[in-house]
Amino acid sequence: MAGILLVEDDPSVRTALELALTRQGHSVTSYATGEEALDHIRARRPEIAILDVMLPGIDGIEVCRRVRKLDQLPVILLTARGDDLDIVVGLEAGADDYVVKPVEPRVLDARIRAILRRAESAASDRITFGDLVIDRGALKVTLAGKEIHLTPTELRLLLELVRHPGQVLNRRYLLRAVWDHTHIADSRLVDACVQRVRAKIEPKPAEPVFIHTVRGFGYRFSPP
């Protein structure tokens, strides 16, 4: 059972999703506005937040940005079908995943459980690549002695790349291994997450020394 924060301004959609997720065994707290969501997160942190992009006042993407400044709370965005710009902006803001409306509750539940599994699936060993140290047992990454805060999805992606040093991993493989997705159209999840990880671990993200792009294929972890 997960403690879920659901933020959706449409009362009928909010009620339907809350009931469906509750039936799946989750504990759901729901709100209609981003302001209420932020107040709730500050007072009682949930395990995962599900945010509709189109909210009155502070929208879902801005809520995600504000959360990311202080917390690595997993975030799923609910987006309208065809709103590719919202998806891209949301992923760049730090969202872990997205679900397109109209939402199928079983799909949303599967995405929630996949993210929570990623947050828990760390092995108890320590890997060092020069100044980059990954402690999978403690879910901790440091660079030159400074702790780097990664979301569970970002950490899972980094660990998957690290498991195959020097090998090129294509986007389809990473989607399946990190997000439990099989639809190649979701490859933007991979690209956005790689950009966020680079911004955190690379001395110069525009000139990466750890995660390299192999054009037309995917990504390769090749530490200096």
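## The buried area between the domains

Domain 1 and domain 2 of this predicted model bury about 1,300 Å² between them, and 50% of that area lies on carbon and sulfur atoms. Buried area is the accessible area (1.4 Å probe) that two parts lose on being put together, summed over both. Of the area that domain 1 buries against domain 2, 41% is supplied by Gln72, Leu91 and Asp96, more than by any other three residues.

The domain assignment, which is automatic or from a database, places domain 1 at 3–116 and domain 2 at 126–221. Their centres, taken over C-alpha atoms, are separated by 24 Å.

Residues are numbered from 1 along each chain as its sequence is written, and side-chain values use heavy atoms, with hydrogens and water left out. Local features need pLDDT of at least 70 and side-chain atom pairs count only at pLDDT 80 or more, whereas totals for chains, interfaces and linings use all residues.

## Contacts across the boundary

In domain 1, 15 residues are in contact (heavy atoms within 4.5 Å) with 17 residues of domain 2. One salt bridge is counted between the two domains. A salt bridge pairs a side-chain nitrogen of Lys or Arg with a carboxyl oxygen of Asp or Glu within 4 Å. The side chains of Asp84 and Arg188 meet in a salt bridge, at 3.4 Å from N to O.

## The contributing elements of domain 1

Helices (H or I, at least four residues) and strands (E, at least two) are DSSP runs, numbered from the N terminus. On the side of domain 1 that touches domain 2, α4 (84–92), β5 (97–100) and α5 (105–120) each supply at least two residues. The most come from α4, with five residues.
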